[in-house]
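Welcome, and please open the structure in your viewer.

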Amino acid sequence: MAHKKTYYVTTPIYYVNDAPHIGHAYTTLSCDVLARFKRLDGFEVKFLTGTDEHGQKVEKAAAVAGVDPQKFTDDVSANFRKLAEVMNFSFDDFIRTTEKRHKISAQALWDKLVETGNIYLASYSGWYAVRDEAFYTEADLKDGPDGEKLAPTGAEVEWVEEPSYFFRLSAWEKTLLTFYDEHPEFVMPQSRRNEVISFVKGGLNDLSISRTTFQWGIPVPENNDHIMYVWLDALTNYITAVDFPDQKSIDYKTFWPADLHMVGKDILRFHAVYWPAFLLAAGLEPPKRIFAHGWWTNEGQKISKSIGNVIDPLVLVRNYGLDAVRYFLLREVPFGNDGDFSHQSMVRRLNGELANDLGNLCQRVLSMIAKNCSGEVPPHQDFLPCDLELIKKGSAMLVIMREQLDYQKFNRALEEIWSVIGEANRYVDAMAPWALRKEDPNRMCTVLYVLAETIRYIGLVVQPFMPDASSRILDLLAVDPTKRGFKDFDAALIAGTSLPMPEPVFPRFIEDGQTT
Ligand code: MSP
């Protein structure tokens, strides 16, 4: 039997110090689209997300809330699950770093690093930013507005002096550079890869990987006075979820190394430098790709709790509808770049590209079929070159999208679909099927068939992006739910199939916040 194609995609695990916001929704959405696309394309998929529940940042947030950290993390983690439900994320596993399976895995990775001589005990003195959960040297810091020292990210820093275990990161510099060289697509986009390489070329210091001044974390196996550094703990989640340390397990053998760790640009270094170094040092394979996406601003302003402009994805979904939000986030900016959220561009895209371009195409064609072809897929005669051209464009989308999504070019994939939608709308105008009704009804049927078939192609490729709207479109064409995978991409509509009464697929957004 042929070996099944597999795909393992992960989101970062989210800190539970705070409520979910648009950034979290964005990272997971991009993974959801890939997971759905690959499943439709016949892959066995594992899509992992979850919550990062240890460390000083979470311990502090729990203290501020006056709640025990476990209770606190239980509550906030549940909010992330709720977000996943509202956004219709199709994850296969939701990991929490406070789970027993994860403690076992993180401690096993630690043991391997000890066995291989990569860990030593010394003491750390330097700066630490709780917000970033990151160590900084004096040279990294910048001056704040009141002369205070700040991390390069703008986070507050505190001076830390304590006994600490260290990971011999400096010893892995050359191996990492060779690894990047041999795997030119390990870090993407290219500009991020260049940043990573120049950071490593600048020289790596050994990394402090344990703390002693707080409690909330996984104890170091050989010395319970030490808590594992939260990033070492958190990164390990990606192998915990495939049963590490059981490297013989079916999941480990099927899915490791992961195909893609999706991350925001702020956490690239942890994933593209520290994580492969830990794995290589432990004799494990690094993942195949780290993709760093950009950040969203809100109406041109940095999103921050203190400014009070945090975008709650649940509110967005309530205002604009889920499919529109999913579409907007992946269409608005080339994936990898920063993007700006604005109400105006959201409404422009919703009304222009969804309600007008796609919605009207479906509505026009399906209501003409309902009225003039007794509500059945019309029969067709021989196709003319212009018919074949449109059908060919529809059918070619899949191959193009495969390539684009393999490089995380979500906006390009959507542009491709919308260019076929544009062609189809121009074809309706040029063929004017309404005028053919009397003079050449057979030709009218052929034109409507070509359009229905093009809409079927569009409905199929839109599925990963807009699961609800696409299933409405495919229902309106009576496409058998078992024939919506890409292996049936070219299983054309059958004349005479009876169709349900057409209904609008996308509401228009009107300014008082109502949709119609
Ligand atoms: N817990 C770590 C990840 C550990 S992974 C082993 C963490 N968590 S986080 O909750 O702070 O951030 C998670 C993701 O949200 C990151 O990928 C980050 O880039 C993303 N975003 C946070 N704010 C964002 C925007 N304003 N815009 C886009 N994404 C942003 O980091």
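Select Asn298 first: Asn298 stands opposite Phe341 in strand 19. Strands here are DSSP runs of E with at least two residues, helices are runs of H or I with at least four, and both are numbered from the N terminus. This is a predicted model, where local features need pLDDT of at least 70, side-chain atom pairs count only at pLDDT 80 or more, and totals for chains, interfaces and linings use all residues. Residues are numbered from 1 along each chain as its sequence is written, and side-chain values use heavy atoms, with hydrogens and water left out.

Now colour strand 17 (residues 296-298) and strand 19, which run parallel and are joined by 3 bridges. Two strands pair if DSSP finds at least two bridges between them.

Next, select strand 1 (residues 6-10). Here 4 of the 5 residues are buried, meaning under 20% relative accessible area with a 1.4 Å probe, protein chains only. Strand 1 pairs with strand 3 (residues 44-52) in the parallel sense over 5 bridges; look for Tyr7, whose bridge partner in strand 3 is Val45. Strand 1 also runs parallel to strand 15, joined by 2 bridges, and Val9 stands opposite Leu260 there.

Zoom in on the polar contacts, which are pairs of N or O atoms within 3.5 Å. A nitrogen atom of the ligand lies 2.7 Å from a side-chain N or O atom of Asp52, and a backbone N or O atom of Ile13 is 2.8 Å from a ligand nitrogen atom. Trp295 has a polar side-chain atom 3.2 Å from an oxygen atom of the ligand.

Finally, zoom out to the protein chain, with its 18 helices and 21 strands. Along its principal axes, the C-alpha trace spans about 90 × 55 × 40 Å. Of the 516 residues, 56% count as buried.

Terms used: A polar contact is a pair of N or O atoms within 3.5 Å; within protein, one must be able to donate a hydrogen and the other to accept it, and residues adjacent in sequence count only if both atoms are side-chain atoms. Buried means under 20% relative accessible area, exposed over 50%, partly exposed in between (1.4 Å probe, protein chains only).
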